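Please open the structure in your viewer and keep the selection tool at hand.

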Amino acid sequence: MTSQSRTGGSGSIGATPRKERDERTGAARGGPGGGQFTRRLGRSDLRAVSEVRKALRDFLRPWGRPGRAETAELLTSELVTNALVHTDHDAFVTATVGPRGLRVEVRDFAGSRPEPRVPDADSGTNGRGLVLVQALADAWGVRVHGVGKVVWFELDGGGTA
């Protein structure tokens with residue numbers, strides 16, 4: 001397991017059954033203290049990136065101090081894009097808000113492990129996703145998960161907005 005901590009398309013949305021369900025997003029709402037949503041991402045369906053961002057935005061509306069939800073959207077879209085571009089499989093996103101903050105996990109079914117790399121100036125906008133995750137997340141890592149892996153990050157909400 002790799003873990004790092006920083007100091008100084010169409011798919012279905014599922015929800016945890018014991019929480020109230022948001023009718024627009026399908027996400028579970030647990031009040032300010034928690035909730036969860038999951039989304040299946042079809043193989044190579046890059047339209048899913050914007051759909052996940054919107055669902056996450058709706059889900060996180062009442063969470064965290066200003067700017068944290070936007071950071072979560074950015075980091076989630078980077079991990080989702082990586083899973084869809086660098087694997088030839090479906091992927092799953094799970095976002096969980098709990099008392100300690102937000103945890104987002106993107107699970108794919110490819111064995112290759114992502115590594116942050118310094119992008120060169122000639123690569124355009126490619127190669128910066130994990131560098132952003134490393135710089136902006138409070139913690140992040142990669143966990144082997146049966147067939148494939150889970151890439152995750154955590155953000156402290158810093159109090160409610």
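**Starting in a strand**

Begin by selecting Thr94, which lies in strand S6, and keep in mind throughout the tour that this is a predicted model. If you set aside the neighbours within four places in sequence, you will find Thr94 in contact with Gln36, Phe37 and Thr38, and also with Arg103, Val104 and Glu105.

**On to helix H2**

Next select helix H2, residues 68-85, whose 18 residues reach 26 Å from the first C-alpha to the last, close to the 26 Å expected at 1.5 Å a residue. Among the buried residues of H2 are Ala72, Leu75, Leu79 and Ala83, and the buried residues of this helix pack against H1 and helix H3, as well as strands S5, S6, S7 and S9.

Finally, show helix H1, residues 47-60, which packs with H2 at an angle of about 150°, the two axes being 9 Å apart. Because of that angle, H1 is roughly antiparallel to H2, and the crossing of the two helices is right-handed. To see the contact itself, pick residues including Val49, Val52 and Leu56 of H1 together with Leu74, Val80 and Leu84 of H2. Which classes of residue make up the contact of H1 with H2? Colouring by class will show ten nonpolar, three polar and three charged residues there.

Methods: Residues numbered from 1 in each chain as written. Predicted model: local features only at pLDDT ≥ 70, side-chain atom pairs only at ≥ 80, totals over all residues. Heavy atoms only, no water. Axes fitted to C-alpha atoms, helices over the stretch in contact; angles between N-to-C directions. Helix = DSSP H or I, 4+ residues; strand = E, 2+ residues; numbered from the N terminus. Parallel < 35°, antiparallel > 145°, perpendicular 65-115°, else oblique. Left-handed = near helix turned anticlockwise from the far one by under 90°. Contact = heavy atoms within 4.5 Å. Nonpolar A, V, L, I, M, F, W, Y, C, P; charged D, E, K, R; others polar. Expected span 1.5 Å × (residues − 1). Buried < 20%, exposed > 50% of the residue type's maximum accessible area, 1.4 Å probe, protein only.
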